[in-house]
Amino acid sequence: MKRIVKNKEPQTLLQHRLKNFADYDNYPEKDELRTCLLTEQGHICCYCMQRISSDKMKIEHWQSQDIYPSLQLSYNNLLGACEGGQGSPPRLQHCDTKKGNIEISINPTDNRINCEDVIKYRGNGEIYSDDNTINQELNNVLNLNLQSLVNNRKEVLELVLQQLKNEYGKGDWTAPILKKKIQEWSSRQKDGKYQPYCQIVIYHLKKKLSRYA
């Protein structure tokens, strides 16, 4: 999960919110909303960090419409999520599709608690947290340790580590080398997109960098 800094909401969403009897279902400019969410998130899912696109994503209400109808048009409550195995059996669903109306404490837009500081990754691709509540949400509510996601994260991490070995030799990575690679994975590419599953790479490279402290 990568921290999301919310940008200015679409003007059409603000105008729609000011109308009588306006709700999310009759908001007509959802394509514009998708574009805004994709832009601020770097085209990765708000939860699992896989690549998403305007024709392959969901608009997630972090606090559900059913429980919090007053927030259904609040831009700060809206996120871009992957389709999360929609239509698959529950055990194969993840992210917003699995979460449904369940309330969770971990929020990638939270300014008080940076999700990047409380979420960790094992070398085998598993995601976890030392916070029991957050760890339960990652596993049971968002299902982010679904094997396919674990495999994808592991594959990305192993690819980067192999690239470093090929370029600099096994384990002979100086602090400047690690900082350069961390910056590469922390930054958007020229097309404005983050690299999918970027946080597992950043987490493990920062662990290696900490040995130089």
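Modeller: Helices here are DSSP runs of H or I, at least four residues, and strands are E runs of at least two, numbered from the N terminus. The expected span of a helix is 1.5 Å times one less than its number of residues. This is a predicted model: local features need pLDDT of at least 70, side-chain atom pairs count only at pLDDT 80 or more, and totals for chains, interfaces and linings use all residues. Residues are numbered from 1 along each chain as its sequence is written, and side-chain values use heavy atoms, with hydrogens and water left out.

Colleague: What does helix 6 reach, first C-alpha to last?

Modeller: Helix 6, residues 147-168, reaches 31 Å with its 22 residues. That is close to the expected 32 Å.

Colleague: Which of its residues are buried?

Modeller: L149, V150, R153, V156, L157, V160, L161 and L164. Buried means under 20% relative accessible area, exposed over 50%, partly exposed in between (1.4 Å probe, protein chains only).

Colleague: Where do they sit around the axis of helix 6?

Modeller: They fall within an arc of 135 degrees, so they line one face. The arc uses directions from the helix axis to the C-beta atoms. On the other side, E155, L159 and N166 are exposed.

Colleague: What follows helix 6?

Modeller: G169, with a positive phi near 95 degrees.
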